[in-house]
Amino acid sequence: MAAVLAVSLAACGSTGESKTESKGEENTSDVGEQIELTLGHIYVDASNGQTVAWEKALNEYKEAHPNVTIKEDKADNDAYKTKLKTTLAAGSAPDVFCSWGGGFSTSFVDAGMVENLDSYVESGVINMDEMLPNICNNFYYDDSLYGLPLDSFLGVLVCNQEVFDEYEVEAPETLEDLYEISDVFNANGIVPIAMGEKDKWPGLFPFGILALRYGGVDETTALLNGEGKFDQEYVRKSAETLIEMVDKGVFSDSSVALTNDEALNEFQQGRAAMYYSGTWQVGDFIGEGMNLTLVNFPSIEGASGDQNAYIGGASATLMVSAKSENVEAAVELAVFMSQKFSDYAYETGAILPTWIYEGDAELQDFQVRLGELMEGADGFCLAWNTLLDAEAASVHENCTQGFYAKQMTVDEYIKAMDATR
Amino acid sequence: MNRFMGNKKAIAVFILPSLFLFGGLLLVSIGFSVYYSTLEWSGIGEGTFIGAQNYFEMLQDVIFQKSVKNSMLLAVLTLLLQLPFALFLALILTSGIKGEGIFRTIYFIPVTLSTVVVGQLWMKIYNPNYGVLNSFLQSAGLESLTHNWLGDVDTALYCVIAANIWQYIGYHMLLLYAAIKSIPQDIYESAQIDGATGVKAAMRITIPLILPTLKTCAIFVITGCLKAFDLIYVLTNGGPVNATEVPSSMMFNSIFVINRYGYGSAMAIFIVAECVIIAFALQKMIRTRQVEY
Amino acid sequence: MKKIFSRRTGNPFIRFILMMFLIFFALFQIYPLIWLVFFSFKSNEEIFGGNILGPPKIWKIENYRNALMGGDVLTYLLNSIWISMAVIFLSTILIAMAAYAISRMKWKLSGVVYWIFMAGLTIPIHATLLPLFILFKTMGVLNTPLSLIIPYTAFALPFGIMVLRNHYETIPREMEEAACIDGCSIYQTFFHIILPLVRPALATIAIFSFLSSWNELMFAMTFISDTKYKTLTVGLQSLTGMYYTEWGPVGAGMVVAALPVLIIYVLLSKQVQNAMLAGATKG
């Protein structure tokens with residue numbers, strides 16, 4: 001046991017330095033001792049760019065560590081969440097597992113199921129300088145780091161340039177512009193912004209960005225992290241404006257009946273002109289040959305928040321089980337996967353990077369564009385359901401769905417949210 | 001004879017494996033659930049004991065009350081629409097009509113589909129833009145009736161009920177069909193001599209003789225609807241805005257989404273108690289004497 | 001022996017109306033499925049605008065290829081089949097014996113035991129997820145087919161016992177009395193005399209046991225992590241996630257998932273039919 005520890009500690013030093021080359025260099029945990037690590041993750045869809053990148057990274061790890069057997073425990077997103085919670089409730093967890101920052105993992109951390117990564121940062125196993133600044137913000141609990149980033153995303157307004165050209169309108173810069181072009185689209189039977197609100201989470205993007213426009217990144221982040229009540233002017237204004245957008249037909253009447261997949265479908269088929277959500281699908285759209293214009297959500301004249309802030313950040317994370325029998329090896333695996341996945345998935349345009357990319361693959365136009373948008377941003381904030389604790393997130397999701405269904409008033413919403421504090 | 005039928009060892013052999021397997025699982029499930037229902041527990045780590053508080057909260061929760069009403073509406077409508085239909089079909093099919101086998105198979109096909117399939121299929125049927133329902137209404141000139149079926153708080157629940165009935169009519173039809181088929185022919189023969197045929201035979205002979213099975217079907221429909229989950233989860237997930245919530249979907253949500261294991265377990269116990277009481281009441285109310293023929 | 005007396009309703013007009021009704025209802029039951037088969041062969045253009053209701057103008061067989069190649073569908077299919085077979089086999093034996101003990105044998109606790117099984121009908125399956133997960137983990141059968149076979153069999157018992165009990169009650173007591181006089185043991189009586197009499201019911205409950213285990217999703221998702229043990233319902237879930245843009249392959253997947261069940265049902269129901277005809281001529 002001591003031998004393994006000594007060797008893996010030595011390995012930690014070298015892993016930190018050379019990040020692109022891992023083959024054969026530091027033979028970390030292979031002192032001939034066979035160990036098995038379980039890896040829980042959500043990358044199951046072989047046709048998805050992220051899965052391709054994940055498997056590439058994993059294969060690379062396996063080749064460099066022949067003495068480690070990796071047992072994958074994968075399921076698609078929703079099934080995975082149920083399974084992870086069940087497994088954790090039964091008192092066990094995969095050695096390394098995907099999770100989400102903010103409210104999702106609070107109970108796991110509080111119960112001591114997750115390994116505290118501070119010591120690994122200090123020893124250099126985890127080199128924060130090689131990651132993008134502030135990328136791990138959502139993975140700190142009580143000021144300690146508990147998770148490594150998996151992907152980051154940006155909330156962008158994706159405009160189908162072909163449709164825009166057809167009706168001779170331009171990408172909206174202000175909210176008024178958005179209302180104007182929505183009228184044009186509606187008059188011609190095109191849905192302005194595709195929205196699949198049956199799944200509840202897509203509708204949080206417009207709400208979230210409105211809060212940033214009216215209140216700003218700092219205010220919103222503080223509120224979501226537990227400070228103060230929801231009865232604030234910018235929250236009210238955000239809700240009111242969302243209701244206004246729904247009434248003016250910016251979203252289709254049937255948004256509450258459609259799943260996100262169906263909304264994506266709408267956009268892809270050209271029946272909706274815009275789509276406002278994370279950058280996850282942009283690569284796929286481009287791959288299908290769509291001509292897209294990417295912009296931030298319009299600014300609001302006279303609003304006192306951050307007009308060029310974005311919904312975005314890193315919410316998916318890789319965590320290590322505190323009860324793992326091979327904790328050091330598990331942390332090493334997590335660092336490896338976090339970094340390599342970031343590199344490979346970025347190269348194919350599947351995600352935005354979380355580690356500083358030093359490879360030399362050629363980036364596609366839209367990636368350059370996204371990079372531009374990110375650099376010019378005022379700040380980022382994740383969607384509300386990620387940062388809030390599970391119960392408040394659920395109330396928020398239900399009420400927001402109520403806004404889209406024209407069944408909820410601003411007062412009812414504020415009251416329900418404050419009741420969770 | 002009594003010793004023959006009362007052979008203790010034989011009884012043990014016949015019943016113990018099943019009882020052990022089933023009882024064991026039942027005990028574990030209900031036992032754990034009752035225990036959890038007394039806790040405020042996020043599912044991870046330790047929970048805090050809060051006694052019956054979950055139950056009080058649950059009974060006062062407006063959305064939970066609505067979910068109970070929804071499940072009862074589901075049960076009543078399904079019972080009233082599905083069972084008579086299934087009975088009618090079973091009667092016709094056993095009356096010697098042509099194509100009996102084919103019809104029987106066709107009616108049963110929806111039952112063989114998994115709920116995921118049924119849910120996905122009906123989601124597409126109800127799709128406001130490409131679904132069969134709206135397309136059909138449009139081509140029949142009834143465009144004004146087209147709706148945002150699953151997204152409208154007023155129609156969503158009825159859409160779920162319709163899909164549920166569609167899937168399970170064949171199930172009950174088959175049960176009743178098998179019951180009718182096992183009635184010996186001679187009874188009908190002697191009845192025919194007395195002049196009773198057709199509808200009269202059905203009303204006076206068939207129905208009373210299959211009353212046990214009818215009762216079984218009724219109990220299945222009601223308990224099945226009270227604890228229904230799968231179809232609702234796939235079709236609407238309790239939405240829009242809680243319009244189609246049922247106790248099971250709330251339980252699932254409590255446990256797996258908002259991490260309140262204790263609260264969710266209290267709901268589970270509620271469902272179990274509700275079903276046991278109603279099943280028991282139904283059994284007592286519709287007394288069927290053992291028919292000797 | 002041909003039936004001399006039938007229960008045919010005399011009036012041909014009424015028979016015609018009834019037939020129309022049956023046909024209309026059959027269409028209602030089956031049209032959604034016909035639509036499913038249609039769009040499983042269609043391309044996106046036809047599904048989303050060109051040809052929503054009618055048969056495909058172009059038959060896109062690639063949809064099926066995509067659905068079948070996308071992932072280990074064959075493995076899932078085989079897993080589902082053999083797990084379901086195991087469940088049918090085990091549950092049918094257990095049900096037949098337990099229902100017999102409850103309805104025909106004489107012992108004081110029969111009523112109580114019956115109610116224990118009935119209580120099982122009331123349990124919402126999802127509430128048992130965590131307790132069973134912990135139980136199976138302790139037993140060490142998690143992530144093996146046993147973790148599915150055990151609960152599927154157990155949960156099939158209440159329904160089967162309830163149905164079979166009803167059928168046993170239609171058998172005259174004289175059957176056992178005669179056997180007893182002839183010197184048969186209780187086991188012989190059960191296996192050689194009683195059981196053959198309820199074959200239609202056995203086939204019926206076999207069908208239902210098969211169905212509930214074939215279509216089950218929640219346990220299959222949670223208890224099994226290894227791809228080599230996964231079942232078809234789990235595979236279907238990921239398929240619908242993969243092909244959100246194309247309904248075609250999703251439809252193909254659903255048809256593939258539904259086909260085996262249909263075949264088994266048709267086969268078993270022929271058996272049911274024959275058994276019933278044989279039974280109908282019994283005095």
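Okay, let's start with one residue: E219(A) sits in helix α9 of chain A, residues 217–224. When I say helix or strand, I mean DSSP runs, H or I of at least four residues for helices and E of at least two for strands, numbered from the N terminus. Is E219(A) buried or exposed? E219(A) is buried, because 21 other C-beta atoms lie within 10 Å. The cut-offs are these: buried takes 20 or more other C-beta atoms within 10 Å of a residue's own, exposed takes 12 or fewer, and partly exposed is in between, with C-beta atoms placed from the backbone. Now look across to D73(A): its C-alpha atom and that of E219(A) are separated by 39 Å, and the two residues are 146 residues apart along the chain.

Some housekeeping. This is a predicted model, where local features need pLDDT of at least 70 and side-chain atom pairs count only at pLDDT 80 or more, while totals for chains, interfaces and linings use all residues. Residues are numbered from 1 along each chain as its sequence is written, and chains are lettered from A and ligands numbered from 1 in the order in which they are written.

So how confident is the predictor about chain A? pLDDT is its confidence in each residue, from 0 to 100. For chain A the mean pLDDT is 85, with 92% of its residues at 70 or more. Residues 1–30 of chain A, though, have a pLDDT below 50, and this stretch has 50 contacts in the model beyond near neighbours in sequence. A contact here means that the C-beta atoms of two residues, placed from the backbone, lie within 7 Å. Where pLDDT is low, the predicted coordinates should not be read in detail.

Staying with chain A, it is divided into domain 1 (34–151 + 314–362) and domain 2 (154–312 + 367–418). Those bounds come from an automatic or database domain assignment. The C-alpha centres of the two domains of chain A lie 29 Å apart. Where they touch, 11 residues of domain 1 of chain A are in contact with 12 residues of domain 2 of chain A. The domain 1 side has 3 nonpolar, 8 polar and no charged residues. For those classes, Ala, Val, Leu, Ile, Met, Phe, Trp, Tyr, Cys and Pro are nonpolar, Asp, Glu, Lys and Arg are charged, and the others, Gly among them, are polar.

Next, the chain contacts. Chain B has 19 residues in contact with 23 residues of chain A. That side of chain B splits into 11 nonpolar, 8 polar and no charged residues. Turning to chain C, 80 residues of chain B are in contact with 86 residues of chain C. Which helix gives the largest share of the side of chain B that touches chain C? Helix α2 (residues 8–37) of chain B does, with 16 residues. The class count on this side of chain B is 48 nonpolar, 27 polar and 5 charged.

Now the inside. The largest nonpolar core has 301 residues, and A334(A), A90(B), L176(B) and A98(C) have the most contacts inside it. Such a core is a set of buried Ala, Val, Leu, Ile, Met, Phe, Trp, Tyr and Cys residues joined through C-beta atoms within 7 Å. Helix α8 (residues 156–181) of chain B gives the largest share of this core, 17 residues. As for A98(C), leaving aside its neighbours within four places in sequence, it is in contact with F14(B), I15(B), S18(B), L157(C) and I161(C).

On to chain C, which has 13 helices and 0 strands. Of its 283 residues, 49% are buried. Chain C is divided into domain 1 (1–60) and domain 2 (71–280). Take helix α10(C), residues 199–214: its 16 residues reach 22 Å from first C-alpha to last, close to the 22 Å expected at 1.5 Å a residue. That expected span is 1.5 Å times one less than the number of residues. Most of α10(C) is covered, with 13 of its 16 residues buried.

Most residues other than glycine have a negative phi. K406(A) has a positive phi near 60 degrees, and K406(A) is in the loop between α16 (390–404) and α17 (410–418) of chain A. N143(C), also not a glycine, has a positive phi of about 65 degrees. N143(C) lies in the loop between α6 (129–139) and α7 (146–168) of chain C. Why is N143(C) partly exposed? Because it has 16 other C-beta atoms within 10 Å.
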